[in-house]
Amino acid sequence: MTRLLAVGDLHLGRTPSALHPDLQARRAELGPEAAWTRCVTAAIDQAVDGVVMAGDVVERSRDLLVAYGDLRQGIDRLAAAGIPVVAVAGNHDTLVLPRLAAEIDNLQLLGAGGSWQERRIGQLRILGWSFPRRHVRRDPLKDFPALDDAAGVVGLLHCDRDQRDSAYAPVSSRDLERTGIAGWLLGHIHQPDPLQGPRPIGYLGSVSALRASETGPRGPWRIDWNGHQLEATHLALAPLRFSALEIDLSDLDGPDDLAAAALDAGRRHVRTLLAATDGPDVIGLRLTLTGRCCFEHRLAEAAEQLLAESRPWQEGPVQLFIQHLLIATDPAHDLERLARQSDPCGLLAQRLLILQDTSHADHARLIEQARPHLADAAGRREFQALDTELDESEIRHWLIQAGRIALHQLLAQKQTRR
Ligand SMILES: [Mn+2]
């Protein structure tokens, strides 16, 4: 049995963006440095045999002294617990990571200069490759060593998967699989992959949410080797996370109920999270307002006011704030009237009516017009883990949702111009 803690894109030196102004003073407790301290504690508590880091440990090359203190402190604690640290350099820390490794005894850079290098941790052999310069257009797997025995070998690589023309070490999923090793722990893309199954291959993701668009759990992974296969477990220990929630406004009586609905959605979300994990310290809520709203004409103003004036609030051990509000309600009662206009709002309303009516003569044509565009988006790497075969109801759902958001924004522009 061998256990690792695998750390993805850490970006020490980057401050978390999109925080509420009231939380700015706590920025240091919510960023990558705090997440790193928690990684170190987790590694010691879970008695791992080694910590592996998949690159972009540091945000910028001039951040040697920004990162040195925090990284050093953590690595010293790991050294005291007898836990070695192995890292590969990514495109952000190409220059600074080798320098940090030269300064810190217990930090080993793997695959310096872009040549594959192996290091044993417990029963596992870690095979890593580091960025030799900031841009690398050559596929590093072209030089992957021939292995007599691929059992118990784990690949550690910062790379751009399935983006053939990328300047950030392009590799293909097929070639990763073809190596036949026990698993691949990848850095670069901040959205973590599921890493499920007996042979986990994929992105570890950012260790803490660096942008509001990085929604969902963030943290390192515990990797267990039982002598035959790997098992990956996500440890969602980041102090800050962003969560995308939908609020159905159909039962609300007026704009004054909006804040209570947000409060309720946040409370239920925290309850669900705490049932499964410890939960983060702070959650930024990204709320999408849906349903049939009876105060549609006052909704944009109410949402804007809520976003501008609401302050963070406490829900058990978690502090919440509203980071973003998006209106995607169903303006059904207005559509018929709007559709009689010949301006952009009217044209959009006409199409929304057609999309909502599956028996309309033009319905199928609109869906088929959208299919190639949506298929293109669905094929992008962000959605690779998802099913890219779009069925008609999905296309319809996304078109209606996007149409409603656009219509709300058009109507809001008209109102401000008045
Ligand atoms: Mn990167």
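Two strands count as paired here if DSSP finds at least two bridges between them. Strands (E, at least two residues) and helices (H or I, at least four) are DSSP runs, numbered from the N terminus. With that in hand, let's walk through this predicted model, in which local features need pLDDT of at least 70, side-chain atom pairs count only at pLDDT 80 or more, and totals for chains, interfaces and linings use all residues. Residues are numbered from 1 along each chain as its sequence is written.

**Strand pairing**

| Strands | Sense | Bridges |
|---|---|---|
| Strand 15 (residues 282–290) and strand 17 | parallel | eight bridges |
| Strand 16 (residues 313–315) and strand 17 | antiparallel | three bridges |
| Strand 10 (residues 183–187) and strand 11 | parallel | three bridges |

Within strand 17, Ile327 is the bridge partner of Leu289, and Val318 stands opposite Glu315. Strands 16 and 17 make a hairpin with two residues between the strands, and Gly316 there takes a positive phi near 60°.

Elsewhere, five strands form an open sheet of mixed pairing, in the order 5-6-7-10-11. Its edges are strand 5 (117–121) and strand 11 (201–203), each pairing on one side only. In strand 11, Ile201 is the bridge partner of Trp184.

**Helices**

The axes of helix 2 (residues 32–45) and helix 3 (residues 64–80) come within 10 Å and cross at roughly 5°; axes are lines fitted to C-alpha atoms, for helices over the stretch in contact, with angles running from 0 to 180 degrees between N-to-C directions. From helix 2, Glu33, Trp36, Thr37, Val40, Ala43 and Ile44 meet Asp70, Gly74, Arg77 and Leu78 of helix 3. Contact here means C-beta atoms, placed from the backbone, within 7 Å.

Which residues of helix 4 (residues 96–103) are buried? They are Val96, Leu97, Leu100 and Ala101. Seen down the axis of helix 4, these fall within an arc of 135°, so they line one face of the helix; the arc is that of the directions from the helix axis to the C-beta atoms. They pack against helix 3, strand 3 (85–87) and strand 4 (107–109). On the other side of helix 4, Ala102 and Glu103 are exposed.

Terms used
Two residues are in contact if their C-beta atoms, placed from the backbone, lie within 7 Å. A residue is buried if 20 or more other C-beta atoms lie within 10 Å of its own, exposed if 12 or fewer, and partly exposed in between; C-beta atoms are placed from the backbone.
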